[in-house]
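Here are my notes on the model, point by point. Please read them with the structure open.

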Amino acid sequence: MKPKYIQLADKLRLEIEEMTYKEGELIPSENTLQETYGFSRHTVRQAIGVLVNEGLLRTEKGSGTYVAKKEIAVPARKKTIGVIMTYLSDYIFPSIIRGIEKELSAQGYALLLGTTNNNHEKERECLQQMMEQEVDGLIIEPTKSNQYNPNLSYYVDLKEKGIPYLMINALYEELDVQHICVDDTQSGYLATNHLIEKGHQQLLLVTKIDDLQGKYRMKGFIRAIEEAKLQFRPADIVTYTTETKESVIEGLLVCLAQGNTDITGIVAYNDEIASHLIKGLSEKGLSIPNDISIIGNDDSNLRITGNITLTTLSHPKEAMGELAATYILKDIQHEAITNYYFKPVLIEGQSVRAL
């Protein structure tokens, strides 16, 4: 049989649940409870003590004992890091996101993902959404990083609001922003130098000019040409933007297929462009690498999906994502972080031949 004070506590608890005594109301005095239930003052006080400990009752000295108001539990806000990428295609982006998510998840953070399609208006929408969601920090791949960005004021606002952010793959040079990138100048240099070492002297660079990576890869291309003391002609660089990519590449394929060029080696902006050129030239009757050698960049899955394995430059992908997540969490904790550049490595395939 239960002790008397537990029996009384059970009875009072039931009356509270059945709202005989409502929230904030005074329950009967100890004397009244003694008389009603026939228990001693000590038993009554013990029963009240049990319900006070359970949070059902509260006592006020000189006033009495009241039914406690139920506190509405406010769930803790999930710690969230916003991630804004230019694309979410099968290229290198899923691996970067996987690296970010792995590290954030291990530290108890959720990931809120947005994509800009390399469009400033979509980038603005993503930034607004992230601010509305009150993310704890942001990892951002810049949109058209080699052009003026009309959204720079949003980044100033992030800093004023104390929301840490860092950039990956590129940065906005107008901002003092922490960033994690590949040394794209070295990527361009290594690709060009590899062709030169294989005996190629008439080289073509096909690069994206609205993104900073393309500018830096061009810088590496020119440096390698200069060091080798080769002739550098304006026509040896073909540039395109996000909007002109298709038309520029199609025009280049027509030009190369007509045979009115002395180009023997092409440095492509990335594996996507390299694969597009290989497929297009093959369809027009040219052999890769026998007629033209081609080097890509980023070591994507496209490197091994064609008829020949593409020579390319490494990209850390998942490691970059993990480091970005580690850095943003350190920044949230006000720990010092520094800019980091991954060193690219040439990965030889079958798309380059020695002359």
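1. A term first. Two strands count as paired if DSSP finds at least two bridges between them. With that in hand, take G82: its bridge partner in strand 4 is L112. The model is a predicted one.

2. Strand 3 and strand 4 as a pair. Six bridges link strand 3 and strand 4. The pairing is in the parallel sense.

3. Strand 3 and strand 5. Strand 3 covers residues 80-85, and strand 5 covers residues 137-140. Four bridges join these two strands, which run parallel. I81 stands opposite G137 in strand 5.

4. What is the strand order? It is 4-3-5-6-7-13, in an open sheet of six strands. The pairing is parallel. From one strand to the next, the twist averages 15 degrees.

5. The sheet edges. Which strands stand there? They are strand 4 (110-115) and strand 13 (340-342). Each has a single partner strand, so one side of each is left without a neighbour in the sheet.

6. Burial of strand 3. Six of the six residues in strand 3 are buried. In a regular strand, side chains alternate between the two faces of the sheet. Strand 3 is covered on both faces. T80, G82 and I84 are buried on one side. I81, V83 and M85 are buried on the other. The cut-off for buried is under 20% relative accessible area.

7. The largest pocket. Its space comes to about 510 Å³. The lining has 30 residues, and Y91, F93, Y269, N270 and E272 are the closest to the pocket centre. Helix 10 gives the most, with three residues. By class, the lining of the largest pocket divides into eleven nonpolar, eleven polar and eight charged residues.

8. E272, worth a separate look. E272 lies in helix 10 and is among the residues closest to the centre of the largest pocket. Is E272 buried, partly exposed or exposed? At 36% relative accessibility, E272 counts as partly exposed. E272 and N301 are 29 residues apart along the chain, and their C-alpha atoms are separated by 9.6 Å.

9. The second largest pocket. About 230 Å³ of space lies in it. Its lining includes S275, I278, K279 and S282. I288 also lines this pocket, as do L302, R303, T305, G306, N307, I308 and L310. The lining of the second largest pocket divides into five nonpolar, five polar and two charged residues.

10. A cis peptide bond. Where is it? It runs from I288 to P289, with omega near 10 degrees. P289 lies in the loop between helix 10 and strand 11 (293-295). Please check the local geometry here.

11. Positive phi at N169. Phi of N169 is near 70 degrees, a positive value in a residue other than glycine. N169 lies in the loop between strand 6 (165-168) and strand 7. Is N169 buried or exposed? N169 is buried, with a relative accessible area of 7%.

12. Positive phi at D298. Phi of D298 is near 100 degrees, again a positive value in a residue other than glycine. D298 is found in the loop between strand 11 and strand 12 (312-313). D298 counts as buried, at 5% relative accessibility.

13. Cysteines. How many disulfides does the structure hold? It holds zero. C126 is in no disulfide, and the nearest cysteine sulfur, that of C181, is 19 Å away. The cut-off for a disulfide is a pair of cysteine sulfur atoms within 2.5 Å. C126 is buried, with a relative accessible area of 7%. C255 is partly exposed, with a relative accessible area of 33%.

Terms used
Residues are numbered from 1 along each chain as its sequence is written. This is a predicted model: local features need pLDDT of at least 70, side-chain atom pairs count only at pLDDT 80 or more; totals for chains, interfaces and linings use all residues. Side-chain values use heavy atoms; hydrogens and water are left out. On a 1 Å grid over the protein atoms alone, a cavity is a set of points where a 1.4 Å probe fits but cannot get out, and a pocket is an open set with protein on both sides within 12 Å along at least five of seven lines; lining residues have an atom within 4 Å of a point. Grid points are joined across faces, edges and corners, and a volume is the space filled by probe spheres set on the points. Ala, Val, Leu, Ile, Met, Phe, Trp, Tyr, Cys and Pro count as nonpolar, Asp, Glu, Lys and Arg as charged, and the others, Gly among them, as polar. Buried means under 20% relative accessible area, exposed over 50%, partly exposed in between (1.4 Å probe, protein chains only). Axes are lines fitted to C-alpha atoms, for helices over the stretch in contact, and angles run from 0 to 180 degrees between N-to-C directions.
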